[in-house]
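Student: Could we go through this structure together, one question at a time?

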Amino acid sequence: MTNGTATPTDLDTRLEAHRTELTGYCYRMLGSSFEAEDAVQDTMVRAWRSYDKFEGRSSLRSWLYRIATNVCLDMLTAGNKRARPMDLTESTPLAQAALSPRPDNTWLEPMPDARVLPTTDDPAEAAIAKESVRLAFMAALQKLPAKQRAVLILREVLAWKASEVAELLDTSVASVNSALQRARATLAERPEPGADATVSDPLDEDQQKLLDRYVAAFEGYDMAALTALLHEDAVMTMPPFDLWLTGVGDITGFMTTLGAPCAGSRLVPVQVNGLPGFAQYKPDPETGGFTPWAVQVLEISDGRITGFHCFLDTKRWFPLFDLPLHLEAETDQVQEGA
């Protein structure tokens, strides 16, 4: 079927077949769940409007990536780089802890795996895709200039040839190779906290046991049990607050002071950023049930939890993960979110 004979339904189907991988690409470029989905929608609209000019000299997929790249580069011209709390401030001792929020557009945002990771039968390809949306890698990407970011993603994550990337960016192969070398050097010089997180796919038996123990400890608000699961240098973040804590003592101390209202919470598993995570529901004294509080993303290394990242803007995150906005008191478990 050529572009000249494509019906609207045919074209919609062909474009939609690329939505998940394009969302993953735009998410890596932009660091924002919602901006990524907006960028993909803009890409689809532009492709629809200009399809009669598509001459088929490249594949439809390559053409869509060209459009998506231009959309993302346009969105990045403002220079906004998404960050994690540890990119912006020093770790705060518990005694000085204060909850100071920053605007939404400051933060690297979480993303459900299902929205950015296309289905594949290749275990190696699936592993690379998951690693490339983990928070540490996403944070590292944000430190690169926009075109270097695009080159690194296309070459290292999506395995495009240098010649294909050069054609997409209207540049030379030498320029692509140079940008890739500079991007690699930048990432090697400044490794992100959490970059050593190792999670098998699927989770191995020890990792699953660790998560089961974590759920029991958190829902029981058992700080002794939680201490046994956390690495001594574990990090806790809570966007939109710029506070971040390091070490078991400060993390558990926070949870029993400023975080004390989280006692009695319920956790629902979610697949987020290629890592294990949970939707946290806090007790709701008004209804007697549970109300959304945070999407938690866990980083694991050497059998301990090294990163404990809580995204608190529940009005945005829970619908994104297709999670209910209330749990009944008698409901201990609900179906896993998307």
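**A helix and a few strands**

Student: Which helices do the buried residues of H11 pack against?
Tutor: Keep in mind that this is a predicted model. The partners of the buried residues of H11 are helix H8 (135-141), helix H9 (146-157) and helix H10 (162-169).

Student: How far apart are the end C-alpha atoms of helix H11?
Tutor: Let's start from what to expect: helix H11 covers residues 173-189, which is 17 residues, and at 1.5 Å a residue it should span 24 Å.

Student: What arc around the axis do the buried residues of H11 cover?
Tutor: First find them: Val 176, Ala 179, Leu 180, Ala 183, Thr 186 and Leu 187 are buried in H11. They lie on the same side of H11, because the arc they cover around the axis is only 125°.

Student: And which exposed residues sit on the face of H11 turned away from its buried side?
Tutor: Here, exposed means over 50% relative accessible area. On that face of H11 you will find Ala 174, Gln 181, Ala 188 and Glu 189.

Student: Now the strands! Which residue in E2 is the bridge partner of Met 236?
Tutor: Strand E2 (residues 241-246) pairs with E1 in the antiparallel sense, over four bridges. A hairpin of two residues links E1 to E2. In this pairing, the E2 partner of Met 236 is Leu 245.

Student: Which residue in E6 is the bridge partner of Leu 230?
Tutor: Strand E1 (residues 230-238) and strand E6 (residues 304-311) run parallel and are joined by four bridges. Across from Leu 230, the bridge partner in E6 is Ile 305.

Definitions and conventions
Residues are numbered from 1 along each chain as its sequence is written. This is a predicted model: local features need pLDDT of at least 70, side-chain atom pairs count only at pLDDT 80 or more; totals for chains, interfaces and linings use all residues. Side-chain values use heavy atoms; hydrogens and water are left out. The expected span of a helix is 1.5 Å times one less than its number of residues. Buried means under 20% relative accessible area, exposed over 50%, partly exposed in between (1.4 Å probe, protein chains only). The arc is that of the directions from the helix axis to the C-beta atoms. Contact means heavy atoms within 4.5 Å. Two strands pair if DSSP finds at least two bridges between them.
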